Amino acid sequence: MSNPQLGLKINGKDYTLDADPNMPVLWAIRDILGLTGTKYGCGAGLCGACTIHVDGEPTRACLTSLKQVQGKQVTTIEGLAADKLQTAWRKHNVPQCGYCQAGQLMSAAALLAQYPEPNDAQIEEAMVGNLCRCGTYTRIKAAIKEAAAGPSALVDGQTREVEA
């Protein structure tokens with residue numbers, strides 16, 4: 001018996017996959033579509049390396065099946081429009097080994113979409129599920145604060161004006 005044809009919308013582009021609907025979206029993104037920015041970390045949703053956005057919400061791709069994202073917009077690190085955030089990341093030398101960075105950026109972008117000027121508690125709550133073996137947590141927080149301090153925040157291709 002063949003798998004059903006699954007329609008996915010990833011980074012604004014429509015795809016049709018012949019895949020098991022129970023397959024984690026992580027494997028479809030990486031192995032079928034070749035979008036390798038989203039990383040496999042723990043496979044249990046605990047490390048955050050595989051964080052994507054599903055309809056703008058940070059979601060663990062290793063735990064989310066293809067059937068769960070049917071009819072929804074999926075955004076991976078390749079489709080994230082967060083120039084201010086990425087610039088702040090580089091300025092604060094956040095990446096070291098870099099493995100967790102896609103997931104970190106995806107969670108930070110979702111935070112800024114919800115709270116354009118987050119306080120320390122909001123940052124810590126939003127980022128708690130993203131582990132960094134290199135321990136760059138203080139730099140991550142500083143980069144998020146810097147990206148938030150400006151005229152606008154770009155998240156999933158949408159500009160959200162921030163009052164100065």
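**Reading the labels**

Modeller: Gladly. Starting at the N terminus, the elements of the chain follow the order β-β-α-β-β-β-α-α-α-α-β-β. That comes to 5 helices and 7 strands. Please keep in mind that this is a predicted model.

Biologist: Thanks! What share of the chain is buried?

Modeller: Of the 164 residues in the chain, 43% are buried. The accessible surface is about 8300 Å², and 50% of it belongs to carbon and sulfur atoms. As for contacts with a separation of 6 or more, 57% are between residues 24 or more positions apart.

Biologist: Let's take single residues. Why is Ser-107 called buried?

Modeller: Buried means under 20% relative accessible area. Ser-107 has a relative accessibility of 3%, so Ser-107 counts as buried. Ser-107 is part of helix α3, residues 101–114. Leaving out residues up to four places away in sequence, Ser-107 touches Thr-51, Arg-60, Ala-126, Met-127 and Asn-130.

Biologist: And why does Lys-72 count as partly exposed?

Modeller: The label applies between the buried limit of 20% and the exposed limit of 50%. Lys-72 has 35% relative accessibility, so Lys-72 is partly exposed. Lys-72 sits in the loop between β4 (57–60) and β5 (73–75). Beyond its neighbours within four places in sequence, Lys-72 is in contact with Lys-9, Val-54 and Asp-55.

Biologist: How far is Lys-72 from Ile-10, in sequence and in space?

Modeller: Lys-72 and Ile-10 are 62 residues apart in sequence, while their C-alpha atoms are 8.8 Å apart in space.

Biologist: On to helix α2. How do you know that the buried residues of α2 are on the same side?

Modeller: The buried residues of α2 (residues 83–91) are Leu-85, Ala-88 and Trp-89. They cover an arc of only 105° around the axis, so they lie on the same side of α2.

Biologist: Is Asn-11 buried, partly exposed or exposed?

Modeller: Its relative accessible area is 28%, which falls between the limits of 20% and 50%, so Asn-11 is partly exposed.

Biologist: Last one. What makes up the lining of the second largest pocket, by class?

Modeller: The lining has 9 nonpolar, 1 polar and 1 charged residues. The lining residues are Gly-41, Cys-42, Cys-47, Ala-49, Cys-97, Tyr-99, Cys-100, Leu-131, Cys-132, Arg-133 and Cys-134. Cys and Tyr count as nonpolar here, Gly as polar and Arg as charged. The space in this pocket is about 180 Å³.

Terms used: Residues are numbered from 1 along each chain as its sequence is written. This is a predicted model: local features need pLDDT of at least 70, side-chain atom pairs count only at pLDDT 80 or more; totals for chains, interfaces and linings use all residues. Side-chain values use heavy atoms; hydrogens and water are left out. Helices (H or I, at least four residues) and strands (E, at least two) are DSSP runs, numbered from the N terminus. Buried means under 20% relative accessible area, exposed over 50%, partly exposed in between (1.4 Å probe, protein chains only). Contact means heavy atoms within 4.5 Å. On a 1 Å grid over the protein atoms alone, a cavity is a set of points where a 1.4 Å probe fits but cannot get out, and a pocket is an open set with protein on both sides within 12 Å along at least five of seven lines; lining residues have an atom within 4 Å of a point. Grid points are joined across faces, edges and corners, and a volume is the space filled by probe spheres set on the points. The arc is that of the directions from the helix axis to the C-beta atoms. Accessible areas come from the Shrake-Rupley method with a 1.4 Å probe; for residues, only the protein chains shown count as cover.
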